[in-house]
Amino acid sequence: MSSIPSHATPRFLAAADAAVVVEFGDAVDEALSARVLALEAAVRRRPPPGVVETVPTLRSLLVLYDALATGHDELVAALRALGSGPPEAPPREGAEWTIPVVYGGEAGLDLDGVAAAAGLSPAAAIAEHTRALHRVAMLGHLPGLPYLTGLPAGLHAGRHPEPRVRVAPGSVAVAGGLTCIYPVGAPGGWRIIGRTPVRLFDPSADPPAVLAPGDRVRFVAIDATEAAAVEGRPPDRIGG
């Protein structure tokens, strides 16, 4: 499949009997993610007839619809119109959160390797990760697992050839150009650089995930004593 640049005309693909995938490209980057979220915002402002739900991904938007209220061709025409030209208004800026992280050691088994591959000391790698503004592009793979763009280029890393059998909940990990935070214990092959003690996912809450696509995240380095003081609490929201 050839690469579709982020500025190209999106593709509209049928998904099962009652869904359309609007695909913006093959890249994983912040500019392409912004286009996905901008279209989702436009659909939410002026939902075409029959739209039931929208689900953003790293490079596409899934639009589920009621097949009794609209059809594939009608919905594609409506989505194409919403996505053409300049947006009527910029997408709502997501919430901004501060997420504390214990980096390295038992909490971040791969930090030293990620730092060495970047030609950095572990302390310098931590400084790079905490200096960046990260944005939630999507939730997926596990319930409430956020994929965040904004990882500094020097910290890009490949996955482990063989995934770990279990990654601890709260683990902060990197792979490719992304950071993720494991909401629950699960197998995983990303490079673990730290662990957050705050709770980002509660299946009994509404909504169950604290973070949402479009939100911004700033990571803050803490030690074990500071982590114990905030264990299980929600993260702090910047500005309210």
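Me: Is R44 buried or exposed, and what is its relative accessible area?
Reply: Happy to look at that, bearing in mind that this is a predicted model. R44 pairs with E40 in a salt bridge whose closest N and O atoms are 3.4 Å apart. R44 itself counts as exposed, since the cut-off for that is over 50%, and its relative accessible area is 57%.

Me: Why are E40 and R44 separated by about one helical turn?
Reply: An α-helix has 3.6 residues a turn, so residues three or four places apart point the same way. E40 and R44 both belong to helix α1 (residues 30-45), and their spacing in it is four residues.

Me: Which residue forms a salt bridge with D110?
Reply: Good one to trace! D110 is buried, with a relative accessible area of 9%. The closest N and O atoms of the pair are 2.9 Å apart, and the partner is R164. D110 sits in the loop between β5 (96-103) and α3 (111-117) while its partner is in strand β8 (residues 164-167), so the bridge ties together parts 54 residues apart in sequence, the β8 end being R164.

Me: Which residues of helix α4 are buried?
Reply: Let's go around the helix, which spans residues 122-131. A123 and R131 are exposed on the other side of α4. The buried residues are A125, I126 and H129. Their arc around the axis is only 100°, which puts them on the same side of α4.

Conventions
Residues numbered from 1 in each chain as written. Predicted model: local features only at pLDDT ≥ 70, side-chain atom pairs only at ≥ 80, totals over all residues. Heavy atoms only, no water. Buried < 20%, exposed > 50% of the residue type's maximum accessible area, 1.4 Å probe, protein only. Helix = DSSP H or I, 4+ residues; strand = E, 2+ residues; numbered from the N terminus. Arc of directions from axis to C-beta. Salt bridge = Lys/Arg side-chain N within 4 Å of Asp/Glu carboxyl O.
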